[in-house]
Amino acid sequence: MFIFLPVSTVAYAKDEGTKVVVLMYHGVVKDKNRRDTYVIDNLELEKDIKYLQKSGYEIVTTSDLLSVTKGKMRPHQKYAVLTFDDGFYGNFKYGLPLFEKYNVSAVFAVVGKYASNKIYTDKSSVFAYMDWEDISKISNKVEIASHSYDMHNLKGRKGVGKRKGESDSAYLKCITEDFEKNDLLITKHSSKPLTFAYPYGIYNKTTEMLLEKMGYKITLTCNEGINYIKTENDLKLLKRINRDGRLSSSEFMKKYKI
């Protein structure tokens, strides 16, 4: 049974914890005519960064949030995390220069199968994916998270969900093999990932227990809302807000009261 958390609608209060806004991006392009629900152009991404900084958000990675909960990092009043799902090359090409310009970082959640296949990493495609060489190059500039090895699809199995009629043991074996495969690849080309972004936001108790056993400290959902964190446990099933590229930066921030 999938677990869905309610969206927080209450105002920020100190006793609730530190406010954390996690934005969920996918593709970044230069041509604004290619913007859609999951694709943003680089100029609007830059406006997002400038808006967040001007509004008092400290832009950090999910690992930074872990450090905050452990008292290893100076606490700030409110944080923003820029997450980029799937591992598109455009995020590297157009996003990285902006992160360097504004001295911020981001979280790139990569699908291992895409990074491992030349068909997907053909740079002549507008929506090409990063290969492992690309990921190695940026691993000291952004945080690399796992987005599964080959479960980013809705055919047969929905994301990392359990198939109808599948036994518990068969399901556990399947997701364990997938998660471990991507974990090893990311560790080889970057460092041991601590964050797992659920494909399509689908998750359950089994996936959460398995990831915890594997050493993952942070899990990301597609449930929309604002987070408030106090302890390490609050980093599980973090809510995210999809960055709809059809909206301007000001329209988006106003819509979600960021």
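This is a predicted model: local features need pLDDT of at least 70, side-chain atom pairs count only at pLDDT 80 or more; totals for chains, interfaces and linings use all residues.
Residues are numbered from 1 along each chain as its sequence is written, and side-chain values use heavy atoms, with hydrogens and water left out.

Let me start with the helices, where helices (H or I, at least four residues) and strands (E, at least two) are DSSP runs numbered from the N terminus. Helix α1, residues 42-54, and helix α3, residues 89-101, have axes that come within 10 Å and cross at roughly 30°; the axes are lines fitted to C-alpha atoms over the stretch in contact, with angles from 0 to 180 degrees between N-to-C directions. Because angles under 35 degrees count as roughly parallel, over 145 as roughly antiparallel, 65 to 115 as roughly perpendicular and the rest as oblique, α1 is roughly parallel to α3. On the α1 side the contact (heavy atoms within 4.5 Å) is made by Asn42, Leu45, Glu46 and Ile49, and on the α3 side by Tyr94, Gly95, Leu98, Phe99 and Lys101.

Turning to charged pairs, a search of the whole structure finds 19 salt bridges, each defined as a side-chain nitrogen of Lys or Arg within 4 Å of a carboxyl oxygen of Asp or Glu. One of them joins the side chains of Lys113 and Asp150, at 3.6 Å from N to O. This pair links distant parts of the chain, since Lys113 lies in helix α4 (residues 112-116) and Asp150 in the loop between β7 (143-146) and α6 (168-189), 37 residues apart. Lys113 counts as partly exposed at 29% relative accessibility, and Asp150 is also partly exposed, at 36%, where buried means under 20% relative accessible area, exposed over 50% and partly exposed in between, with a 1.4 Å probe and protein chains only.

A second pair is Lys236 with Glu212, at 4.0 Å from N to O. Here Lys236 sits in the loop between β10 (227-229) and β11 (241-242), while Glu212 belongs to helix α7 (residues 205-213), 24 residues away. Lys236 is partly exposed at 24%, whereas Glu212 counts as exposed at 52%.
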